[in-house]
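I opened this entry to keep track of what I looked up.

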Amino acid sequence: MQIAMAIAREDAAGRNYLTWAPVQGTVRLLDVDAGDRVDPVSVTLTNDNPEVGGQLEFAPARDQNRSASLDLVLPPDGSPVDFWVAGVVGKPSSTDGDAVIRVAEAGAVEALVSKPVMVRIRKNANQLSPAERDRFTTTLAKLNDQGAGLFKDFREMHRQQLALAQAHGAPGFLSWHRAYLLDLERELQRLDPSVTLPYWRFDQPAPNLFTADFMGRSGALGNVSFSGTNLLRQWQTDGAAGVTREPGFNVQTGRANVINQAITLLLGGDRPNAIFDTGTDQDGFDEMEFNPHGNAHTSFTGSSYIRSRGTAPRDPLFFLLHCNVDRLWARWQWFHNRFDGTQPNTFFFRGSATSTPHTDIGHNLLDTMWPWNNVTGFPRPDNAPRTPFPQVATATAPGPAPTVGDMIDYLGFLNAQSAMNFAYDDVPFGVAPT
Amino acid sequence: MSEQAAQRLEEELRRELREAQAAHSQYLSELEATAEASRAARSSMEEGLPGDLDDDPAMTVLTDTSLPDEPRIQVLHQLGPSLSRRDEFIEALLAIVKDRSDSPAVREAALQALGSAAFQVLRFRPHQPAYDDALHDLVADPVPALREAAVGILAQQHDPVVQETLIQGLRGEGSLPVERERAILLLAEDDHLDNLPWLRELYRSGSESVREQSVRFMGSYPDARSTLEGILRDKNESTSVRQQSGASLRHLAPDRFEAVAKEISTDTTDDPEVRTACLTALQHLGDTARVYADTEFVHRMQDVSGDESAPQVAQVARELLERRPDL
Amino acid sequence: MTALKRSTPETDVGARIDALRHLARGRDQLAALLPENLPIYEGRSAAQMGRLRGYLLAAFADTGLPDAALPYVVESLETGHVAYEVAGAAIGLRGLKTPAAGVVAALVRAIDNLSGADATVSFQSYNPAWPYAQPTTALTEVVRTIGHFGVQAQAALPRLEVLAQQRERFSSSVLEEMRRVLDRAGPGDGEHACDAACAGESCGCESAVDLGSDDSCCAEMASAEPVEDPTPMRAMLEDQDGRPERFEEFFRGKPSIVAFFYTRCDNPYKCSLTITKLAALQASLEEQGLAGALKVTAITYDPEFDLPHRLRLYGSDRGVQFGKDARFFRVTSGFQEIRQRFHLGVNYGASTVNRHQTEVYLLNEHGEISASFTRMRWEVEAVLSALEHLFPKPGQAQERAHCPPAP
């Protein structure tokens, strides 16, 4: 007996990369010549090895509870039967293809078909395995070396106030940086599809991060040193080699001078009741831009690249810092059901830059975001160095010129078409159970 | 499955939030008490705050220089985010930073807060000139940490005023606000200055870390190419400095780096860490097709990959061979 | 006065500027110090060049601003990204009683360029020590100069009215200066009223206001001196793919556009914008079916650092489509020849460019310079008009759409 299994959103090489968001799959009988078969076939979908690798869970429909196995009945005429599959929270993959879907005839041991996939998740940088860490640093350094993706040579862009204003100091800050990170991650995945952006949990000690094998060991006067196998040694930005970074805290035992995760999620409005509430002018977003985001940057001393807004992206740590900022937003969304951009407590300025009320251009829900919108000339900057937004087979969102609002339902919780194929290890799909 | 995991995560977060809320409520009570005492003390001395701030316990405590450091710094930590949206908060921070009679620890905390506020670019625009002024004031401040922070921030912005101060100091025409080595490295952040002579001075006299920095910055000066090659080849130099020299040479002259890296990586008498760094760069970066097209080099990699006297080099050599494109 | 040299200390050059500002013929001698390619500027750092330029421009407020200096002032307003230089330009502009065409637009552009990057500066003396006895800011001076022109800058007032209400954008001192200027100007005629809350991408505020026509292209063409059968150049080039070319061989056979740039330029309004516009020009030519009519090229000022891979990335990042007739070059030998042939507006510090103007040239099919677009902002349309005028298609009546023929 032969069966075929396919999962939606596979890449050009036929590989699937899953997150916690359910993705549709189909199973069908293949050997159905001349209608010989008359009886349907019962099959079971399971994880090939429940002890090792990423784990998956299955359901017959998108909105139904998922479990470790799923029984399906395949019609004898070969019609496909739908199922939905997602990664199991807490059990992501470590390597590409270590999560294997196994389909066997009901009650049988031997698999009829197996499909390796990856439960590809953004993880805590301090907890990466050496292999995960090295894949990330190698791929990031290669992207940097190619002058590709976000590392296109626009050194003067850091000095242009209009460019900085597209992303900071107004409510679109979180959406813009979510897009920025996803742009980078997709470029990394073009080189190595098993790589994700890790996050720097800056409110906890992260001794494994500040080592010569990872983000670099800081020495005297801002020197950052790397081991022989760490390709980040070859890092270059703005026509100069290396990184200047001088932590203002003990990187082995201490942490950045930031408010912790819980307090971050309490920001906005009148505390203690307001919980990252957007209020009348998106107070919570504003406040978190100051601390923990701003304080994570300024926990490094004077000349450190990451300390100043004009030079921060020159330090690769910048991307891990912002990944945690985005994760905090994602946690808030999950905890309080904030996926509907049309609701004021998800996003206050729900019109465009000419609506009433409105805020600065690029920071209203319906505004497209520079640079991906390719709009130049005042009030946008003169250049748009990164257009269009990278499109991938594994996701239908966001489009080539995303709006602020397009970045909100990143898991496709409200609309499956909005899923962007990234997720955080401690932010499940859906809404927190109450 | 995920449902149970989500449940656990939710419970954990809810517990954290309860604890944070409780701690914050307690803090607000303590703050109110401290503010009350501060107001009373100021009233008795016939001082006062501007009217609208007088009712704000956070601003009352933050601006009271007679209080110990801890409650004032705690205001920044606990309530900084909500205060950051107010112009008077930024103005108060600027006043604290500029007040040399105030506590250094509070001034440092205020400087960090200003740096964080600067990331709120749109909101910070009206304060930018005053912030720059405060930084320029700090260049001559008696507190070393504040001086160093301000000089570092301004130098990274390529501020011409602070650059001139550093240049004059290095020439002996004025005093240096920071130590000489730091001054040279701060100027080196601007590749449009004549930094190479000072970087050479730093290389001759500095510690390993400082030498590593100096060769890093030399990578912006084509005239330093032969120096960088010499340092990369120098077996008496430290591993880390040689590796950085290689990175800088690759930045300036990738073809030259490729040639030297091939020699070093096949030199069994050379430092394994440096050989590893060279091989790692050769197989991943730049014109890898040309590297693999060098059949003699690839052939020598076969020998290196079997040399267990340098296991890490052998491992990287094996990876290089495994990555060889199909012919 | 003793001649200034490259070895003259910076402070002595500053002292010379101070001396000239009080002399009867000082303004012309000051103007003579403006070209960045003068030998006295060789070897100086970019920071020094910025200081000298700002202080020199400001001096024209005392002497009057001669015609020869006006393009330099406008350049600093349009493309300055450092407060000191922009302030100096704004102050120097007050050496005019009547604003020339494009000047008011340049002042408004400077406000947009510098909001968020304004800083305290001082012209109390050359390179004064901090703290300044007579501080000001760049935006304060820009607004003050708009006020200086009074009714002749009327067209800028509606925009200034909008800006004066943006308390979240400007410091209190700049807002006060705006208010002073507006109060002195009195009520406007309302013809160009703008929605004060307007912040959209097509709110029309800018387009509704005529801030002066831009005849820069005509001035540049009219001033281009015909080059008579120049000595063949021996300069050698290397393109973005490492292929060698001889200058003389490549720049023959069809007209070319040549832009000068370097990849380490820190100014977002100069090289990066120039190459972005070059790519836009290339796209326009393609759209009009003229892709084969013109070679599209750029040459780096910084050949030692700007290796081929850097040239390629810089161009492609900004939309340039490389091909047989679209190439970026570094000069591998004979850079001085190039520098002299084009009278390049560039100078060098110890290792790289210390200052340069924006410069783009149209060459005819013999490699001779036919038109130049230098110093001030150039627009793609102006280059296309010049192309049409200088190199009309065979059998096509010459369209005089824009500029008078060169004298």
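I began with the contact, to which chain B gives 79 residues and chain A gives 86 residues. I note here that the model is predicted.

I then looked up the area. Chain B and chain A bury about 6,900 Å² between them, and carbon and sulfur atoms carry 55% of that area. The size of an interface is often stated as the accessible area lost when the parts come together.

Next I turned to charged pairs. I found four salt bridges between chain B and chain A. I wrote down one of the bridges between these chains: the side chain of Arg85(B) meets that of Glu287(A), at 2.5 Å from N to O.

I also looked up polar contacts, and the count between chain B and chain A is 33 residue pairs, both residues at pLDDT 80 or more. On the side of chain B that touches chain A, helix H1 (residues 2-44) of chain B supplies the largest share, 15 residues. I sorted that side of chain B by class and got 30 nonpolar, 33 polar and 16 charged residues.

My last entry is on strands in chain A. I recorded an open sheet of five strands with mixed pairing, in the order E2-E9-E8-E4-E6 (chain A). Strand E2 (17-18) and strand E6 (70-74) of chain A are at the edges with a single partner strand each, so each has one side without a neighbour in the sheet.

For Val43(A), I noted Glu105(A) as the bridge partner in E8(A).

Notes:
Residues numbered from 1 in each chain as written. Chains lettered and ligands numbered in written order. Predicted model: local features only at pLDDT ≥ 70, side-chain atom pairs only at ≥ 80, totals over all residues. Heavy atoms only, no water. Contact = heavy atoms within 4.5 Å. Buried area = accessible area lost by both parts, 1.4 Å probe. Polar contact = N/O pair within 3.5 Å; in protein donor to acceptor, adjacent residues only side chain to side chain. Helix = DSSP H or I, 4+ residues; strand = E, 2+ residues; numbered from the N terminus. Nonpolar A, V, L, I, M, F, W, Y, C, P; charged D, E, K, R; others polar. Pairing = 2+ DSSP bridges.
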